[in-house]
Amino acid sequence: MRKDKLDNLKKILECLKEAEDWIWLRECARRTGLHHSTISRLLRDIEEFIDQQYIEALNIRMIKLKNKDLDINAILKVTEIKRRL
């Protein structure tokens, strides 16, 4: 996996860990300095570690970590192994 992709995933995971509860996808983009479509694309790689909720009436997507005690480096290692398979 490319280093910039790992760095971006790490930024997203740190933002989600920092947020205690649900966070808007665009708010995560503001906090990390990444484009919202980049975050949306990268979330597909870690979707088993996050909960997502789409609110159609407001046209927003909310995200949060399933388990706050997860180690960020462990998630990145699992993602890398999954990509190799």
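Contact here means heavy atoms within 4.5 Å. The structure is a predicted model, in which local features need pLDDT of at least 70 and side-chain atom pairs count only at pLDDT 80 or more, while totals for chains, interfaces and linings use all residues. Residues are numbered from 1 along each chain as its sequence is written, and side-chain values use heavy atoms, with hydrogens and water left out.

**Overall fold**

The protein has four helices and three strands. Helices (H or I, at least four residues) and strands (E, at least two) are DSSP runs, numbered from the N terminus. Read from that terminus, the order of elements is α-β-α-α-β-β-α. The radius of gyration is 12 Å, close to the 12 Å that the globule rule gives for 85 residues, so the protein is as compact as a globular protein of that length. That radius is taken over C-alpha atoms, and the rule is 2.2 Å times the number of residues to the power 0.38. Along the principal axes, the C-alpha atoms fill a box of roughly 40 × 25 × 20 Å.

Among contacts between residues at least 6 apart in sequence, 56% join residues at least 24 apart.

**Surface and charge**

Of the 85 residues, 34% are buried. Buried means under 20% relative accessible area, exposed means over 50%, and partly exposed lies in between (1.4 Å probe, protein chains only). The protein exposes about 5,700 Å², and carbon and sulfur atoms supply 48% of this area. Accessible areas come from the Shrake-Rupley method with a 1.4 Å probe; for residues, only the protein chains shown count as cover.

There are 19 positive and 15 negative charges, and their mean positions are 5 Å apart. Lys and Arg count as positive and Asp and Glu as negative, without His and the chain ends. Each charge is placed at NZ of Lys, CZ of Arg, CG of Asp or CD of Glu.

**The nonpolar core**

A nonpolar core is a set of buried Ala, Val, Leu, Ile, Met, Phe, Trp, Tyr and Cys residues joined through side-chain atoms within 4.5 Å. The largest one holds 22 residues, of which Ile12, Ile39, Leu43 and Ile46 touch the most other members. At least two residues each come from helix H1 (3-18), helix H2 (25-32), helix H3 (36-43), strand S3 (60-65) and helix H4 (72-84). H1 gives the most, with five residues. In soluble globular proteins, nonpolar side chains tend to be buried together.

Apart from neighbours within four places in sequence, isoleucine 39 is in contact with Ile12, Leu25, Cys28, Ala29, Thr32 and Leu34.

**Selected residues**

The table gives relative accessible areas.

| Residue | Relative accessible area | Class |
|---|---|---|
| Isoleucine 23 | 5% | buried |
| Leucine 25 | 12% | buried |
| Asparagine 8 | 17% | buried |
| Tyrosine 54 | 49% | partly exposed |
| Asparagine 59 | 55% | exposed |

The contacts below again leave aside neighbours within four places in sequence. Isoleucine 23 sits in strand S1 (residues 23-24), and is in contact with Cys15, Leu16, Cys28, Arg31, Arg61, Met62 and Ile63. Its C-alpha atom is separated by 9.8 Å from that of leucine 65, 42 residues apart along the chain.

Leucine 25 belongs to helix H2. The contacts of leucine 25 are His36, Ile39, Ser40, Leu43, Arg61 and Ile63. Leucine 25 and asparagine 8 are 17 residues apart in sequence and 14 Å apart in space, C-alpha to C-alpha. Asparagine 8 is in helix H1, where it is in contact with Leu34, Thr38 and Leu42.

Tyrosine 54 lies in strand S2, and its contacts are Asn59, Ile60 and Arg61.

Asparagine 59 lies in the loop between strand S2 (50-55) and S3. Phi of asparagine 59 is near 60 degrees, a positive value in a residue other than glycine. Most residues other than glycine have a negative phi, and most peptide bonds are trans. The C-alpha atoms of asparagine 59 and glutamate 47, 12 residues apart along the chain, are separated by 20 Å.
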